[in-house]
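Trainee: Please show me how to read the features of a protein model. Take them one at a time.

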Amino acid sequence: MKNVKLTPKKNVSAWDKISVGSWKVNGDSQVYCELKLEVEPALEYLKKLNQNSSHKITITHFLGAVMGRVLKETPDLNTMIRFSKIYYREEANIFFHVADKSDLSGKCIKNIDKLSLSEIAIELTNSAKDIRAKKDPTFKKIKNSWKLIPSQLSKPLMGLIRFVLFGLNIHVKAFGMPQDPFGGMMITNIGSLGFDSAFVPLPPYTQVPIICALGRIGFEPVCNNQGQIESKKLVSLCFTFDHRILDGYRGSKVVEKIKNYFQNPELIKGEIL
């Protein structure tokens, strides 16, 4: 059984070949980019949605919906590299970090581009409750097993798991992990921990090429088109991405899409206002 649903990229450019050959697996090819966005339109949209929602829809859920759609609209962003070859992911899957007092875990939401904000909120909220109550079946067994493994064996064992799951693309039930456990992107809400901005490193064992750290929302001075200073609510999106799959030109197209969704949140379909 395959671990990740993949389709080989056929029209490989010269840059694709150069970038894949230039750096090792995501680690020394990391690039950092901070994007500050006006967040008031999105907050107003979420306020209206929450009037009829059984689960509170937050800016984290909104960002997940946005990036899920961006992944689907931008195939070159939703990729994975295996044995120096680029593959398109067939699904838009995003992993959300969930923190509690003693550990860090998370939930991978599959086909998030097809879900409404309400559906994302329900799935992620319920998963977070299970994780914090130590009832999460996905990673509970894995964490208990790792407690028995000597520290000296952690690196080679992680390398073996990574090679099987992503190199060979084989899902092994004995590992105790679900298929495609980390998705094609990670989102972590550092704003909930009090951080305005921070860059998160790419964990090599996940084979995830892009992470977005969502900062704390706050008022900042902004110069408008008339040259006047205004106070507006802004949020920082701090991206860490693998330069082998995203260059400046492709990145600019991704930024345009993200800005458009934040300025026009009603583009997220499937909601009842």
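**Reading strands, helix and rings**

Mentor: Start with a hairpin: β3 and β4 have two residues between the strands, and F83 there takes a positive phi near 50°. The model is predicted, so local features need pLDDT of at least 70 and side-chain atom pairs count only at pLDDT 80 or more, while totals for chains, interfaces and linings use all residues. Residues are numbered from 1 along each chain as its sequence is written, and side-chain values use heavy atoms, with hydrogens and water left out.

Trainee: What counts as a strand or a helix here?

Mentor: Both are DSSP runs, numbered from the N terminus: helices are H or I with at least four residues, strands are E with at least two.

Trainee: And how do strands pair in a sheet?

Mentor: Strands of a sheet pair through backbone hydrogen bonds, either parallel or antiparallel. Here two strands count as paired if DSSP finds at least two bridges between them. Take β3 and β4 (residues 85-89): they pair in the antiparallel sense over four bridges. M80 has Y87 in β4 as its bridge partner.

Trainee: In what order do the three strands of the open sheet lie?

Mentor: The order is β1-β4-β3, with antiparallel pairing. β1 (6-8) and β3 (79-82) are the edge strands, since each pairs on one side only. From one strand to the next, the twist averages 40°. For such angles, axes are lines fitted to C-alpha atoms, for helices over the stretch in contact, and angles run from 0 to 180 degrees between N-to-C directions.

Trainee: How many bridges join β1 to β4?

Mentor: Three, and these strands run antiparallel. L6 has R89 in β4 as its bridge partner.

Trainee: Which strands pair with β10?

Mentor: Among them is β2, which pairs with β10 (residues 229-242) in the antiparallel sense over nine bridges. There K36 stands opposite S236. β8 is joined to β10 by five bridges, again antiparallel. In that pairing, L214 has L237 as its bridge partner. β9 (residues 218-223) is joined to β10 by six bridges and also runs antiparallel to β10. E220 stands opposite K232 in β10.

Trainee: How many residues lie between β9 and β10 in their hairpin?

Mentor: Five, and G227 in the turn has a positive phi of about 80°.

Trainee: How do I check a helix?

Mentor: Compare its span with the expected one, which is 1.5 Å times one less than its number of residues. Helix α7 (residues 248-263) has 16 residues and should span 22 Å; its end C-alpha atoms are 22 Å apart, so the two agree.

Trainee: Which residues of α7 are buried, and which are exposed?

Mentor: Buried means under 20% relative accessible area, exposed over 50%, and partly exposed in between (1.4 Å probe, protein chains only). R250, G251, V254, I258, Y261 and F262 are buried in α7. Seen down the axis, the buried residues fall within an arc of 110°, so they line one face of the helix. That arc is taken from the directions from the helix axis to the C-beta atoms. G248, Y249 and Q263 are exposed on the other side.

Trainee: How many aromatic pairs are found?

Mentor: A search of the whole structure finds five. Rings of Phe, Tyr and Trp (its six-membered ring) pair if their centres lie within 6.5 Å; planes under 30 degrees apart count as stacked, over 60 as edge-to-face and the rest as tilted. Y32 and F199 form an edge-to-face pair, 5.5 Å centre to centre with 70° between the planes. This pair links distant parts of the chain, 167 residues apart: Y32 is in strand β2 (residues 30-38), F199 in the loop between β7 (185-189) and β8 (210-214). Y32 is partly exposed at 47%, and F199 is partly exposed at 39%.

Trainee: What do F182 and Y205 form?

Mentor: Another edge-to-face pair, 5.7 Å centre to centre, with 80° between the planes. F182 lies in the loop between α6 (151-167) and β7, and Y205 in the loop between β7 and β8, so the pair ties together parts 23 residues apart in sequence. F182 counts as buried at 7% relative accessibility, whereas Y205 is partly exposed at 37%. F95, F182 and Y205 form one aromatic cluster.
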